[in-house]
Amino acid sequence: MAVSVVAIFDIGKTNKKYFLFDNQYSIVHEESTTIDECLDLDGYPSEDLYALCSWINDRLDSTFANKKYRVEAINFSCYGASLVHLDHNYKIALPLTNYLKPFNDRLSKDFNNLYNTSNRLLVETASPYLGNLNSGLQLFDLKHSRPQIYNKIKVSLHLPQFLAFTLCGAIFSDMTSIGCHTLLWDFQKNTYHQWVQRENIDKKLAPIALEINTYQFNDLSLPLKVGIGLHDSSSALIPYLINFHEPFILISTGTWSISLNPFNQSVLSLNELNHDCLSYLSSSGQKVKASRKLIGLEHEHEVKKLCTHFHKQIDFYKEIRYNPLFRTDKSTSYGSDLSAFSSYEEAYHKLIQKLVDDQITSTNLIIEKNKPLPRIFVDGGFSKNSVFMTFLASAYNNTEVFAASMAQASALGAALSIHKFWNNLPIPQDIINLRYYSGDIPIKK
């Protein structure tokens, strides 16, 4: 008997992943690939949308042909700042703009002169000014630098919604993609920002899906449903929001360490913006206050230095367990002079203590004042690091701190978001594995 599954495409900028989840949300099949980039109109590397769509169709055809599985629904989780522009025949009008591509200096000055991005606009759109990482600026660029192409655009879709469109033909915008550092959305008025309307850019955007829904797959002989997709950071929050109803913060660690607070509805201040805070929109349209720090990248760089100095393998840090003796001497802090440390273990503890101090500064920005914070969840690479987790738990000694792990959070969130459209069973209560950390009181020498 065929196993009922939901098919999820989790599209990162580098890695493209494909998962089949059964009705208990266990992964029964997974694949991943990388796709060579093409070039945009300026010769800058760009996502090859045709190759991506071809890979998606190949994966689905293979699954449909496999009698072991019966696909009931499909959904997408994708990286942000990724607008796909369609012409009046609903064909791709031009290559996708890579968010790493430098934004045009002249247009940046023009935009700043018109809309004063130094304060008010950034507060209202809850986003730092980030060039092409603000997908709204991608449309501003096209309108003013390539008006002939811009005028040929019928509609612009963020990547998750474009991929869904190719399978079901439904054209919608999604709140999670609109609300991820785009400069498009006025978080105070809950509509497109005045500058978007003044430029008539909103006319290029699809109607907003006001609730999570699914649409019929193009092949009517297959009765499966297609979701319209989600931004990956917001998708990764969904399993936590389903399982935990008391306030919490999720610290998602990787190259960036991103703290997410879906329970802080306060207006983002200019000071918070200046300290790299922003707001996302959840799948239900609620504000999620976020802060970020490049902690993972710093860890990677410093570990290389430690390995060179102490003659260790690059992954030696994975063998280190928390030792309270290495946090007692406050006279020695982590710095450029590694000869101050007697061992790799001591230096590594001091490095992590510094990174946790940075993490605390970042996370504290999104904790609402005078409100209890029962729990902090940490997922990603640092959730497996006992030194990091113990230092963090010590800092938040009035809050329960957990290392959380689950199978592919953003993909799982995309599957759970359309649960009611394909799965008659209740959502399992054990999809998130938690490990509690109590912290430690330093031992005096």
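Buried means under 20% relative accessible area, exposed over 50%, and partly exposed in between, with a 1.4 Å probe and protein chains only. By that rule, nine of the nine residues of helix α14 (residues 409-417) are buried. The model is predicted: local features need pLDDT of at least 70, side-chain atom pairs count only at pLDDT 80 or more, and totals for chains, interfaces and linings use all residues. Residues are numbered from 1 along each chain as its sequence is written, and side-chain values use heavy atoms, with hydrogens and water left out.

**Overall build**

- The protein contains 14 helices and 20 strands; helices (H or I, at least four residues) and strands (E, at least two) are DSSP runs, numbered from the N terminus.
- For 445 residues, a compact globule would have a radius of gyration near 22 Å, and the 23 Å of the protein agrees with this. The radius is taken over C-alpha atoms, and the globule rule is 2.2 Å times the number of residues to the power 0.38.
- Along the principal axes, the C-alpha atoms fill a box of roughly 75 × 65 × 45 Å.
- Of the 445 residues, 54% count as buried.
- Among contacts (heavy atoms within 4.5 Å) with a separation of 6 or more, 72% are between residues 24 or more positions apart.

**Surface and charge**

- The accessible surface is about 20,200 Å², and carbon and sulfur atoms hold 49% of it. Areas come from the Shrake-Rupley method with a 1.4 Å probe; for residues, only the protein chains shown count as cover.
- There are 42 positive and 44 negative side chains, and the centres of the two sets lie 3 Å apart. Lys and Arg count as positive and Asp and Glu as negative, while His and the chain ends are not counted. Each charge is placed at NZ of Lys, CZ of Arg, CG of Asp or CD of Glu.

- Strand β15 (residues 257-261) is largely enclosed by the rest of the structure, because five of its five residues are buried.
- In a regular strand the side chains alternate between the two faces of the sheet.
- From β15, Ser 257, Ser 259 and Asn 261 point one way, while Ile 258 and Leu 260 point the other way; all are buried.
- Strand β14 (residues 248-253) runs antiparallel to β15 and is joined to it by four bridges; two strands pair if DSSP finds at least two bridges between them.
- With three residues between them, β14 and β15 form a hairpin. Ser 252 stands opposite Ile 258 in this pairing.
- β15 also pairs with strand β17 (residues 287-293), in the antiparallel sense and over five bridges. Here Leu 260 is opposite Ala 290.

**Two covered helices**

- Helix α13 (residues 386-395) has nine of its 10 residues buried. Among them are Val 387, Phe 388, Met 389, Phe 391 and Leu 392.
- The cover over the buried residues of α13 includes β14, α12 (344-364), β18 (375-380), β19 (400-405) and β20 (433-437).
- The buried residues of α14 include Ala 409, Ser 410, Leu 412, Gly 413 and Leu 416.
- Elements covering the buried residues of α14 include β1 (3-11), β2 (15-22), β6 (69-78), β13 (230-231) and α9 (232-243).

**Buried residues in loops**

- Ser 282 sits in the loop between β16 (277-281) and β17, and its relative accessibility of 7% makes it buried.
- Leaving aside neighbours within four places in sequence, Ser 282 is in contact with Met 175, Thr 176 and Val 288.
- Tyr 396 is in the loop between α13 and β19 and counts as buried at 10% relative accessibility.
- Not counting residues up to four places away in sequence, Tyr 396 touches Ile 360, Thr 363, Asn 364, Ile 367, Ile 376 and Val 401.
- Tyr 396 and Tyr 69 are 327 residues apart in sequence and 45 Å apart in space, C-alpha to C-alpha.

- Leu 183 is not a glycine, yet its phi is positive, near 70°. Leu 183 lies in the loop between α7 (175-178) and β9 (185-186) and is buried, with a relative accessible area of 0%.
- Asn 190, also not a glycine, has a positive phi of about 60°. The loop that holds Asn 190 runs between β9 and β10 (191-192).
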